[in-house]
Amino acid sequence: MKKIVQNNITVVNHPLCEHNLAVIRDKNVSSDGFKNSMKRLATILILEATKDLPLKNYAVETPIRQCNVKKLDDNYKIIFAPILRAGLAISDVASAIIPEASIQHVGMYRDETTLEPVWYYDKTPVKYDNPEKIKVFILDPMIATGNSGHAAVSLFLKKGILIENLAFVSILSCPEGLQLLCKDFPDLKIITAQVDECLNDRGYIVPGLGDAGDRLFNTFEK
Ligand code: URA
């Protein structure tokens with residue numbers, strides 16, 4: 001998979017990313033079509049984000065003979081943390097790919113006046129034991145202002161997760177949000193499918209795709 005890497009930002013450059021981004025940007029695509037293409041994008045990004053997960057050596061008996069194999073190292077805990085509600089489109093895919101992972105939802109909505117995140121749910125423990133053995137993937141389709149992503153990263157760091165074990169998976173991002181995250185967390189790994197032009201004055205990505213949550217869950221005010 002060809003990709004562009006800048007510092008810790010990986011922009012996955014794949015024809016299927018381009019194709020599915022074209023689908024979800026189209027305001028006339030159905031909610032079902034939007035969701036399906038979002039999940040295809042999520043699959044590509046999750047494979048990229050998890051490509052360095054640690055493995056452990058095992059032996060298995062194939063029907064033919066014994067064979068040395070590698071499986072995910074079960075000394076490590078894998079956590080997917082979808083930011084509600086749009087992050088659910090990515091966590092559905094992530095947990096299908098790695099069913100052993102723990103899904104720890106974090107809920108924030110955006111105050112439309114201040115554009116600041118307002119917490120309403122946090123399924124993370126008070127503190128993490130053995131953080132060196134925990135890999136966390138924060139899932140949010142959009143890095144727009146970066147404020148909710150910033151709040152989620154801060155939460156995990158405060159609870160003991162190591163920055164080198166933390167990654168942020170986002171379908172679409174923009175320079176403003178990436179700059180905020182990179183300024184305060186220069187070692188945070190970010191995996192995204194495309195970086196758009198800018199934010200508008202309502203905090204939406206331009207050209208973007210509109211409100212990802214509304215489009216996923218068909219909650220447009222018409
Ligand atoms: N959240 C969205 O769903 N879309 C944007 O453009 C910005 C934030």
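**Walking through the model**

Analyst: Let's start with helix α2, residues 31-49: its 19 residues should span 27 Å at 1.5 Å a residue, and the end C-alpha atoms are 26 Å apart, so the two values agree. Keep in mind that this is a predicted model.

User: OK. Which residues of α2 are buried?
Analyst: The buried ones are S31, G33, F34, S37, M38, L41, A42, I44, L45, I46, E48 and A49.

User: And what's the largest nonpolar core like? How many residues does it have?
Analyst: That core has 38 residues. I24, M38, F80, F137, L139 and I171 have the most contacts inside it. Two or more residues each come from α1 (15-25), α2, β5, α3 (88-97), β9 (134-139), β11 (166-173), β12 (189-195) and α6 (212-217).

User: Which element gives the largest share?
Analyst: Helix α2 does, with eight residues.

User: Switching to charges. How many salt bridges are there?
Analyst: The count is eight. As background, side chains of opposite charge can pair when their charged atoms come close.

User: What does E48 pair with?
Analyst: The side chain of E48 forms a salt bridge with K51, at 3.5 Å from N to O. E48 counts as buried because its relative accessible area is 7%, while K51 is partly exposed at 49%.

User: Which other salt bridge does K51 make?
Analyst: K51 also has a salt bridge with D52, where the closest N and O atoms are 3.9 Å apart. D52 is exposed, with 63% relative accessibility.

User: And what about D74, which residue is its partner?
Analyst: D74 forms a salt bridge with K56, and their closest N and O atoms are 2.9 Å apart. This pair links distant parts of the chain: D74 is in the loop between β4 (66-72) and β5 (77-84), K56 is in strand β3 (residues 55-61), and they are 18 residues apart. D74 is exposed at 54% relative accessibility, whereas K56 is partly exposed at 27%.

User: Which residues end up in one network?
Analyst: E48, K51 and D52 do, joined by salt bridges that share partners.

User: New topic: the surface. Which residues make the nonpolar patch of about 340 Å²?
Analyst: Y109, Y120 and Y121 make that patch. Y121 is in strand β8, residues 117-122, and counts as partly exposed because its relative accessibility is 38%.

User: How does β8 pair with β7?
Analyst: Strands β7 (residues 106-110) and β8 are antiparallel, with five bridges. Opposite Y121 in β8 you'll find G107.

User: Where does L115 sit, and is it buried or exposed?
Analyst: L115 is in the loop between β7 and β8, and it is buried because its relative accessible area is 16%. Its phi is positive, about 65 degrees, although L115 is not a glycine. Most residues other than glycine have a negative phi.

User: What about N130?
Analyst: N130 isn't a glycine either, yet it has a positive phi of about 50 degrees. Look for N130 in the loop between β8 and β9.

Conventions. Residues are numbered from 1 along each chain as its sequence is written. This is a predicted model: local features need pLDDT of at least 70, side-chain atom pairs count only at pLDDT 80 or more; totals for chains, interfaces and linings use all residues. Side-chain values use heavy atoms; hydrogens and water are left out. Patches are made of residues with over 30% relative accessible area and no salt bridge: like charges are joined within 9 Å, nonpolar side chains (Val, Leu, Ile, Met, Phe, Trp, Tyr) within 5 Å. Accessible areas come from the Shrake-Rupley method with a 1.4 Å probe; for residues, only the protein chains shown count as cover. A salt bridge is a side-chain nitrogen of Lys or Arg within 4 Å of a carboxyl oxygen of Asp or Glu. Helices (H or I, at least four residues) and strands (E, at least two) are DSSP runs, numbered from the N terminus. Buried means under 20% relative accessible area, exposed over 50%, partly exposed in between (1.4 Å probe, protein chains only). Two strands pair if DSSP finds at least two bridges between them. The expected span of a helix is 1.5 Å times one less than its number of residues. A nonpolar core is a set of buried Ala, Val, Leu, Ile, Met, Phe, Trp, Tyr and Cys residues joined through side-chain atoms within 4.5 Å.
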